[in-house]
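User: I'd like to learn how to read a two-chain model. Could you take me through it step by step?
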Amino acid sequence: MSVESAVRPVADSVQAAPVDTRMASLRAVYIIWYRDILRYWRDRWRLVASLAQPLLFLVVFGSGLSSSLGGAFGRGTGISYIQFMYPGIIGMSILFSAIFGAMSIVWDREFGFLKEVLVAPIDRWAVAIGKALGGTTQAMIQGLILLVLAPFIGVKLSLLTVVELIPLAAVLAFGLASFGVAIASMMKSLQGFQVVMNFLMMPMFFLSGALFPLTNLPAWMTVLTRADPASYGIDPIRRVVLANSGLPHVDSLGLTINGQVLPILLEAGIMLGFGVVLLAVAVVMFQRRD
Amino acid sequence: MAGAVIEAQGLVKKYGDLVAVAGIDLEVQPGEIFGFLGPNGAGKSTTISMLCTLLTPTAGVARVAGIDVVRDPAAVRQRIGLVFQDPSLDDQLTARENLEFHAFVYSVPAPDRRRRIDEMLEMMQLTDRASSQVRTFSGGMKRRLEIARGMLHQPQILFLDEPTLGLDPQTRKSIWTHLNELRGKKGVTIFMTTHYMDEAEYCNRIAIIDQGKIAALGTPDELKAMVGGDVVTITSAEPDDAAREIQQLLGVTASRDDGTLRMEVKDGKAFVPRLVRELTAPVDTVSMRRPSLDDVFLKLTGRAIRDEEVSARDRNRAMASRWMGRRR
């Protein structure tokens, strides 16, 4: 064939060494996570802007509602409404940023980068897990950063609070980030993702006990609030923050099932379980070939 | 033939009743630049996607780097580099970060990562922009970065789907210079699709694809030899009369496109003076040239490949990405 004359001899054609796919996938989890953190860190404005909404809630919504409740809130626990609401707003911040963090998957799909990830010789589960962990980390930072506001709310912080809070913030962030990744894996367009998310996220937020105690509610609402996974993530955060601040009666405002206050570990376990199940859904969704 | 790096036999892809690829056979030799040429919708992208394991063939067999694309897609992907038609960079990351990401997911050994990234940046002349975010890059720089990325894990074959789409002619030329350099230095086999006829000239061999089938396959010169001699075109206010006269007086059949008549003749230099002497119909312009691959395509399919087919879609795409880019 006449080609041979035109083609130069192959100089140093390198034979790719066989690659351990499992190790490659673990490395991929790391680099996918790392990329998300890098982008988050680079986008300082997002970091600043994301503090605006919780502040608005605390200052405007919190102060307004406190004044109209007068001293009626707290049923003799000595907890003011703003103190009650503050850990809820930390939870809200985690909830919103965990779920919106997953939007980067839809962005990546829209702008082509997801293709670079999906054609790589790695297992697809690595993509789902890397993304879920990236969302978890960002959401945790978004939530814990609000601890700087504690002195203004009349909440005392201790090292113990922070140490106990980190794993609790992590399970809440993980549960909701996995939820976001699972939804994002099914969505082809940004608009679709935003519509579905607003449809799911706002009820999740309102029913989670971030803004009001989940006791003495109408029966239908009691059922809905207990079905909201975020309830099991926000309640332990509140109990840890307020109890360590010297407000020991916080448990009486806590999440109950059949009148029993749930142990914090059980709540965290439920949240973690939710995250694992949703992450499994996300993995299955990613493994379907487009 | 033994030693082919890409082999396909009877490759078919159907979507329901729609046949995108209707049975393709080809072999690509190591170190070759192989061009896949045809209009949009001819099945180029579908074929390249099957070879790259992104699509599963409906029928047929394909082996890339000696590995069956259906049986072990991950092994194939480890051995090929991909440059997609649409951009696939993270433009919030720097050039180096994009390459590092790729090095990780393609298991480039840790001690080699930095060296290989530096080397590819150097080859693609991006060293001085390595730490700039990709969103500040021009279209040509992004393409070069994508080529650098595709080569980072030292693939045996580099697949490029319309690598020069939407770039200006100068940038297209520089991309080609870089691809040639890569082939020379790295010995990589290059398989690319294009609808730009002039680009196909850079290839060692070309397959002209139309309606899901290979219409012709050979070196650019072999293909051009399929068109007899020279191509003469005239424009005339009375093209019908002119065509009739050319047929009657000169014994040549001209094909007509509006006011333009086009004919293939053995010896153009001798034909043009005769044409001017004999014709009584008004002639506005006469031109003569060596056959191009456009002429080959026209001869094989009876149609011209037109750039306009894609331009509208490109414009939309460019506009969309500008608009979205601002919101990011």
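User: Let's start simple: how many helices and strands does chain A have?

Analyst: A word on the ground rules before that. This is a predicted model, where local features need pLDDT of at least 70 and side-chain atom pairs count only at pLDDT 80 or more, while totals for chains, interfaces and linings use all residues. Residues are numbered from 1 along each chain as its sequence is written, and chains are lettered from A and ligands numbered from 1 in the order in which they are written. Helices (H or I, at least four residues) and strands (E, at least two) are DSSP runs, numbered from the N terminus. In chain A that gives 13 helices and two strands. Its C-alpha atoms fill a box of roughly 95 × 35 × 35 Å along the principal axes.

User: And what does the secondary structure of chain B come to?

Analyst: Chain B has 12 helices and 14 strands. Its C-alpha trace spans about 75 × 45 × 40 Å along the principal axes.

User: How do I read burial, and what share of each chain counts as buried?

Analyst: Count neighbours: a residue is buried if 20 or more other C-beta atoms lie within 10 Å of its own, exposed if 12 or fewer, and partly exposed in between, with C-beta atoms placed from the backbone. For chain A, 46% of the 290 residues count as buried. For chain B, 43% of the 328 residues do.

User: What about contacts: what percentage in chain A comes from residues 24 or more positions apart?

Analyst: Two residues are in contact if their C-beta atoms, placed from the backbone, lie within 7 Å. Take the contacts in chain A with a separation of 6 or more: residues 24 or more positions apart account for 83% of them. For chain B, among contacts between residues at least 6 apart in sequence, 70% join residues at least 24 apart.

User: Now helix packing. At what angle do α4 and α9 of chain A cross?

Analyst: The general idea is that two packed helices are described by the angle between their axes and the distance between the axes. Axes are lines fitted to C-alpha atoms, for helices over the stretch in contact, and angles run from 0 to 180 degrees between N-to-C directions. Here, α4 (residues 81-101) and α9 (residues 159-186) of chain A cross at roughly 35 degrees, and their axes come within 7 Å. The crossing of α4(A) and α9(A) is right-handed; a crossing is left-handed if the near helix is turned anticlockwise from the far one by less than a right angle, and right-handed if clockwise. Among the residues in this contact are G91(A), I94(A) and A98(A) of α4(A), and A169(A), A173(A) and G180(A) of α9(A). By class, the contact of α4(A) with α9(A) has 10 nonpolar, three polar and no charged residues. For the classes, Ala, Val, Leu, Ile, Met, Phe, Trp, Tyr, Cys and Pro count as nonpolar, Asp, Glu, Lys and Arg as charged, and the others, Gly among them, as polar.

User: Which residues does G143(A) contact, leaving aside its neighbours within four places in sequence?

Analyst: Those are I90(A), S93(A), I94(A), A169(A) and A173(A). G143(A) itself sits in helix α7 (residues 125-144) of chain A, and it counts as buried because 28 C-beta neighbours lie inside 10 Å. G143(A) and I89(A) are 54 residues apart in sequence, yet 8.3 Å apart in space, C-alpha to C-alpha.

User: Is G88(A) buried or exposed?

Analyst: G88(A) is buried, because 25 other C-beta atoms lie within 10 Å. It's in helix α4 of chain A. Beyond four places in sequence, G88(A) contacts G209(A), A210(A), L211(A), I234(A) and R238(A).

User: Over in chain B, at what angle do α5 and α6 pack?

Analyst: About 15 degrees, for α5 (residues 139-151) and α6 (residues 169-186) of chain B, with axes 10 Å apart. α5(B) and α6(B) are therefore roughly parallel to each other: angles under 35 degrees count as roughly parallel, over 145 as roughly antiparallel, 65 to 115 as roughly perpendicular and the rest as oblique. By class, the contact of α5(B) with α6(B) has four nonpolar, five polar and three charged residues.

User: Last one: where is S107(B)?

Analyst: S107(B) lies in the loop between α3 (95-105) and α4 (110-123) of chain B. Its phi is near 55 degrees, a positive value in a residue other than glycine.
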